[in-house]
Amino acid sequence: MTLTLSDGKKYTVVVLGDIDGDSKATAADARLSLRASVGLEKYDDASAQYKAANIQSDDKITASDARLILRASVGLEDAKKWMK
């Protein structure tokens with residue numbers, strides 16, 4: 001998600017689990033994470049998408065990250081505990 005201040009400065013806000021930047025973790029984000037875990041999506045390690053998808057902060061996007069995002073999207077996981 002990009003935040004633009006009144007002075008024109010832009011900042012990228014990373015919401016863990018929100019790979020597509022719509023400000024919430026959804027099944028679509030879980031799909032993107034799963035695709036990245038098997039190499040079907042490529043994200044630069046410094047990108048907001050990579051940071052949002054790497055829930056477990058273990059330097060790689062895995063199927064476990066996708067599972068956590070999917071669980072959060074349906075209310076089975078508390079995304080607040082991802083914030084460290």
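# A first look at this predicted model

User: What does aspartate 59 count as, buried or exposed?

Analyst: Aspartate 59 comes out at 69% relative accessibility. Buried means under 20% relative accessible area, exposed over 50%, and partly exposed in between, using a 1.4 Å probe and protein chains only. With its 69%, aspartate 59 therefore counts as exposed.

User: What pattern does the protein follow along the sequence?

Analyst: This is a predicted model, so local features need pLDDT of at least 70, side-chain atom pairs count only at pLDDT 80 or more, and totals for chains, interfaces and linings use all residues. Residues are numbered from 1 along each chain as its sequence is written, and side-chain values use heavy atoms, leaving out hydrogens and water. There are three helices and two strands here, taken as DSSP runs numbered from the N terminus (helices H or I, at least four residues; strands E, at least two). Read along the sequence, they give β-β-α-α-α.

User: Where is aspartate 59 found, and what is its phi near?

Analyst: Aspartate 59 is found in the loop between α2 (48-53) and α3. Most residues other than glycine have a negative phi. Aspartate 59 has a positive one instead, near 65 degrees.

User: What about serine 23: what is its phi near?

Analyst: Serine 23 has its place in the loop between β2 (10-12) and α1. At a relative accessible area of 43%, serine 23 is partly exposed. Its phi is positive, in a residue other than glycine, at a value near 75 degrees.

User: What radius of gyration does the protein have?

Analyst: The radius is taken over C-alpha atoms, and the globule rule is 2.2 Å times the number of residues to the power 0.38. For 84 residues, a compact globule would come out near 12 Å. The C-alpha trace spans about 40 × 25 × 25 Å along its principal axes. The protein agrees with the globule value, as its radius of gyration is 13 Å.

User: Is serine 33 buried or exposed, and which backbone nitrogen does its side chain reach?

Analyst: Serine 33 lies in helix α1 (residues 27-37), and it counts as buried because its relative accessibility is 0%. Leaving aside neighbours within four places in sequence, its contacts (heavy atoms within 4.5 Å) include Ile19, Ala53, Ile61 and Asp65. A polar contact is a pair of N or O atoms within 3.5 Å; within protein, one must be able to donate a hydrogen and the other to accept it, and residues adjacent in sequence count only if both atoms are side-chain atoms. At 3.5 Å, the side chain of serine 33 reaches the backbone nitrogen of alanine 66.

User: Which side chain does a polar contact join to that of lysine 81?

Analyst: Lysine 81 lies in the segment after α3 (63-73). Its relative accessible area is 56%, so lysine 81 is exposed. The contact is 3.1 Å, and the partner is glutamate 77.

User: How far are the C-alpha atoms of glutamine 56 and leucine 16 separated?

Analyst: Glutamine 56 sits in the loop between α2 and α3, partly exposed with a relative accessible area of 33%. Leucine 16 is 40 residues away along the chain, but the two C-alpha atoms are separated by 9.8 Å.

User: What share of the 84 residues do buried residues make up?

Analyst: For the fold as a whole, 43% of contacts between residues at least 6 apart in sequence join residues at least 24 apart. As for burial, buried residues make up 31%.
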